[in-house]
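User: I've got this model open and want a quick walk through it. Can we start with strand pairing, then do salt bridges and a pocket?

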Amino acid sequence: MTSSSAPSTASPSRSQTLSAAEARRIALAAQGFSRRMPDAVAPRHLHRAMDRLGVLQIDSVNVFARSHYMPMFARLGGYDPALLDRGFVSRTAHYVEYLAHEAAFMPVADWALWQFRMQFWRDRESDPDSWMHVHSRTLDWVRAELRDRGPLRPVDLREDAPRERGPWWDWDEAKSALEHLWRSGEVSIAGRVGFERRYGLAEQVIPAEVLSSPVPRADAIRELVRRAARSYGVATVADLNDYYRLRDQAAVRQAVSELVDSGELEPVVVRGWDQGSRQVQSWRHRDAALPRRIDRAALLTPFDPVVWFRDRALRVFDFDYRIEIYVPAHKRRYGYYSLPVLVGDRIVARVDLKADRAASVLRVQSAWWEQHALPETDAVRIAEELARAALWQGLERISVSGWGDAADAVAHALHGRESAVERHVHPRE
């Protein structure tokens, strides 16, 4: 079907029907949770996991572990973070950063898929009221510096700032210029030093064959919807629209129609995904497996695809999730950076973790049950994951506060494990 064809209007009555539990297992299998954890994680395991995820969202908060390290830990178990640093962070042989959801690592070949988003940012430069137009002299200077000197950190620009050129130059402007040029595709991230980005002109970072092969917008959106459907297993249009933050439901519906006609997607209805009296039409990827059970436990980052779209987390897991980083401390319900805990195909709890590296302690700042928890058995699985997390982060002990209705059960389940268990008092107790 061509891009001008009318969207498919598959009737829910002719769609396959799935139970909510079946849909959860399909979704988790698509995300890699039905696979056995490797005995020892090697680079190939990270690459395979990335093939399923498509993107790895980046976040700077490091109270326990930065977000982009955690999806691999959830799926593969303990691994050396240096493996991910070498393959994703410090160089770009396989992956590069772009706004493929929010700021995220993605395969470097995918740069060609995002030309439509880069063009959107380039088009804004001609607007006389835009930041890029107003600060065109800063943009030109930054371009020239990168052209002459190669990839640079922002601090490298600061050290050689052209202050003699007059009051037009400002350090914050130079940093903003790098970000604008990155969004527009003129600049790419050439790796990081620690957590600080190195910026280079796109031709200094992205292979020439990728730069010379931009994908037209309709084709790019269809490919991204196809990948989102594969990564989600079963999904609504809203889910597929959000996975790569396409923000264009009409284009997503068109892509779904074409993928249905090609046989890659099939319409399904999931019992329990209703909106009032209306059945919600969903789609299942043809390769999506339905395992008999999911026998895994995992700590999830707030930016894991399993839970990053609040509407989907509520629909699939009956889990209402919002991080509370920006909520005043005295108003937080669950804690600063609470992590969802998966057991089987249920999200059973949330725990707020802090790595106290100076004391070599993993601090469980709070622990809360979700409505579908089975506390007697789930506490044991949570304790196992916390012990694994402490080992992964090189922490010798675990301390559990009394804040939260799951705190005592988790502390009791941890007692007697190899990691020494302590109790501490949280200010909210």
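User: How many bridges join E3 to strand E4, and which way do they run?
Analyst: This is a predicted model. In it, 4 bridges join E3 to E4 (residues 104-107), and the two strands run antiparallel.

User: Which residue in E4 is the bridge partner of Val-96?
Analyst: Met-106 is the partner of Val-96.

User: What about the hairpin of E3 and E4, how many residues sit between the strands?
Analyst: There are 5 residues between the strands. His-101 takes a positive phi in that hairpin, near 115 degrees.

User: Are the faces of E3 covered or open?
Analyst: Both faces are covered. Tyr-95 and Glu-97 are buried on one side. Val-96 and Tyr-98 are buried on the other.

User: Back to Glu-97. Which residue does Glu-97 meet in a salt bridge?
Analyst: Arg-192. The N to O distance is 2.8 Å. Glu-97 lies in strand E3 (residues 95-98) and Arg-192 in strand E5 (residues 187-193), so the pair ties together parts that are 95 residues apart in sequence.

User: Is Arg-192 buried or exposed?
Analyst: Arg-192 is buried, at 8% relative accessible area. Glu-97 is buried as well, at 2%.

User: How many salt bridges does the structure hold?
Analyst: It holds 33 salt bridges.

User: What is Arg-36 paired with?
Analyst: Arg-36 forms a salt bridge with Asp-39. Their closest N and O atoms are 3.4 Å apart. Arg-36 is exposed, with 67% relative accessible area. Asp-39 is exposed too, at 75%.

User: Which residue meets Arg-226 in a salt bridge?
Analyst: Glu-264, at 3.4 Å from N to O. Arg-226 is in helix H12 (residues 217-232), while Glu-264 is in the loop between helix H14 (249-261) and strand E8 (265-270), so the bridge ties together parts that are 38 residues apart in sequence. Glu-264 is buried, with a relative accessible area of 10%.

User: Which residues are linked with Arg-226 in a network of salt bridges?
Analyst: Asp-110, Glu-223, Arg-227 and Glu-264 are linked with Arg-226 in that network.

User: Switching topic. How much space lies in the second largest pocket?
Analyst: About 380 Å³.

User: How many residues line the second largest pocket, and which lie nearest its centre?
Analyst: The lining has 18 residues. Leu-99, His-101, Arg-117, Trp-121 and Arg-247 lie nearest the centre. His-101 is also the hairpin residue with the positive phi.

User: What classes are in the lining of the second largest pocket?
Analyst: The lining has 10 charged, 7 nonpolar and 1 polar residues.

User: Which helices each supply at least two residues of that pocket's lining?
Analyst: Helix H5 (115-124) and helix H9 (171-183). H5 gives the most to the lining, with 4 residues.

User: And Arg-247, where is that found?
Analyst: Arg-247 is in the loop between helix H13 (237-243) and H14.

User: Is Arg-247 buried or exposed?
Analyst: Arg-247 is exposed, because its relative accessible area is 58% and the cut-off for exposed is over 50%.

User: What does Arg-247 touch?
Analyst: Leaving out residues up to four places away in sequence, Arg-247 touches Glu-102, Arg-117 and Asn-241. Arg-117 is also one of the residues nearest the centre of the second largest pocket.

Methods. Residues are numbered from 1 along each chain as its sequence is written. This is a predicted model: local features need pLDDT of at least 70, side-chain atom pairs count only at pLDDT 80 or more; totals for chains, interfaces and linings use all residues. Side-chain values use heavy atoms; hydrogens and water are left out. On a 1 Å grid over the protein atoms alone, a cavity is a set of points where a 1.4 Å probe fits but cannot get out, and a pocket is an open set with protein on both sides within 12 Å along at least five of seven lines; lining residues have an atom within 4 Å of a point. Grid points are joined across faces, edges and corners, and a volume is the space filled by probe spheres set on the points. Ala, Val, Leu, Ile, Met, Phe, Trp, Tyr, Cys and Pro count as nonpolar, Asp, Glu, Lys and Arg as charged, and the others, Gly among them, as polar. A salt bridge is a side-chain nitrogen of Lys or Arg within 4 Å of a carboxyl oxygen of Asp or Glu. Buried means under 20% relative accessible area, exposed over 50%, partly exposed in between (1.4 Å probe, protein chains only). Two strands pair if DSSP finds at least two bridges between them. Contact means heavy atoms within 4.5 Å.
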